[in-house]
Amino acid sequence: MSKVKTNNLLTPAQAAKDLGISVATLRKYSLIVEKTTANSKYFERNSQNNRLYTQKNIDDFKEMVKLSHGPKMTLETSAAQIYPAADAKESTDTKQNDEIAGLQETVAKLESANKKRELTIKELQQELNDAQKSKEQLQIELDTLKQQAKEKVENNDTQKDENIKERVNEKVNDDKKGHWWNKFMN
């Protein structure tokens, strides 16, 4: 491997030498940073998949080690202080994604409920139309029955009138004939 890569990237051996630690310790620091940032590709890598480091990475490692010597501090907590933007961004992105997913789920439920309501409205409108048609048919049948009843009543009245006329005629004819004894009396 060459000592210096393009863009001033340092190999793990060079970065470890600069920090005064072993390559294994540098790997441990790198894993802590990747875990804190939730980004396994935080550091650039070469074709053999070895991490490459910038001078800023080296400075951040020095600060992380310095902070870890404070009371109740670990490398993880000090890394969280140095790399909060990535952690906060990931946390914010996760929260936003969760909120978006929740909103999408709510929208889907509302759309489903709306479709059900639309179907119910259509069904009710159809039932109303059917009821109106049925009402119209019943009205027609009622009008027909009324007409038939009126005709029957008129027929009955006509028949009664005819019966009465026949009886009256019979009576009149009977009166004209007179009684049997009237023949002898005249």
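The legends below describe several close-up views of a predicted model.

Residues are numbered from 1 along each chain as its sequence is written. Because the model is predicted, local features are given only at pLDDT of at least 70 and side-chain atom pairs only at pLDDT 80 or more, while totals for chains, interfaces and linings use all residues, and side-chain values rest on heavy atoms, with hydrogens and water left out.

**View 1. The protein chain as a whole contains six helices and two strands.** Helices (H or I, at least four residues) and strands (E, at least two) are DSSP runs, numbered from the N terminus. Along the sequence, these elements follow the pattern α-α-β-β-α-α-α-α. Of the 186 residues in the protein chain, 17% count as buried, where buried means under 20% relative accessible area, exposed means over 50%, and partly exposed lies in between (1.4 Å probe, protein chains only). Contact means heavy atoms within 4.5 Å, and among the contacts between residues at least 6 apart in sequence, 48% join residues at least 24 apart.

**View 2. The largest nonpolar core has 16 residues.** A nonpolar core is a set of buried Ala, Val, Leu, Ile, Met, Phe, Trp, Tyr and Cys residues joined through side-chain atoms within 4.5 Å. The members that touch the most other members are A15, L26, V33, Y53, I58, F61 and M64. Two or more residues of this core come from each of α1 (12-19), α2, α3 and α4, and the largest share, four residues, is given by α2. When neighbours within four places in sequence are left aside, A15 is in contact with L10, L26, Y53 and I58. In soluble globular proteins, nonpolar side chains tend to be buried together.

**View 3. Helix α3 (residues 55-68) packs against helix α4 (residues 75-82) at an angle of about 130°.** The axes of the two helices are 8 Å apart; axes are lines fitted to C-alpha atoms, for helices over the stretch in contact, and angles run from 0 to 180 degrees between N-to-C directions. This angle makes α3 oblique to α4, since angles under 35 degrees count as roughly parallel, over 145 as roughly antiparallel, 65 to 115 as roughly perpendicular and the rest as oblique. From α3, the contact is made by D60, E63, M64, V65, L67 and S68, and from α4 by L75, S78, A79, Q81 and I82. By class, the residues of this contact are six nonpolar, three polar and two charged; Ala, Val, Leu, Ile, Met, Phe, Trp, Tyr, Cys and Pro count as nonpolar, Asp, Glu, Lys and Arg as charged, and the others, Gly among them, as polar.

**View 4. S78 lies in helix α4.** With a relative accessible area of 0%, S78 is buried. Leaving aside neighbours within four places in sequence, S78 is in contact with M64, L67, S68 and M73.

**View 5. Helix α2 (residues 23-37) packs against α4 at an angle of about 55°.** The axes of α2 and α4 are 9 Å apart, and the angle makes α2 oblique to α4. The crossing of α2 and α4 is right-handed. Here K28, Y29, I32 and T36 in α2 meet L75, E76, A79 and A80 in α4, and the residues of the contact divide into five nonpolar, one polar and two charged. Within α4, E76 counts as partly exposed at 42% relative accessibility. Not counting residues up to four places away in sequence, E76 touches I32 and T36; E76 and T36 are 40 residues apart in sequence and 7.2 Å apart in space, C-alpha to C-alpha.

**View 6. The axes of α2 and α3 come within 11 Å and cross at roughly 90°.** The two helices are therefore roughly perpendicular to each other. In this contact, L26, Y29, S30 and V33 of α2 meet F61, M64 and V65 of α3. The contact has six nonpolar residues, one polar residue and no charged residues.

**View 7. N49 and K72 are loop residues with positive phi values.** Phi of N49 is near 70°, in a residue other than glycine, and N49 is placed in the loop between β1 (44-45) and β2 (51-52). K72 is found in the loop between α3 and α4, where phi of K72 is near 55°. With a relative accessible area of 84%, K72 is exposed.

Key. A crossing is left-handed if the near helix is turned anticlockwise from the far one by less than a right angle, and right-handed if clockwise.
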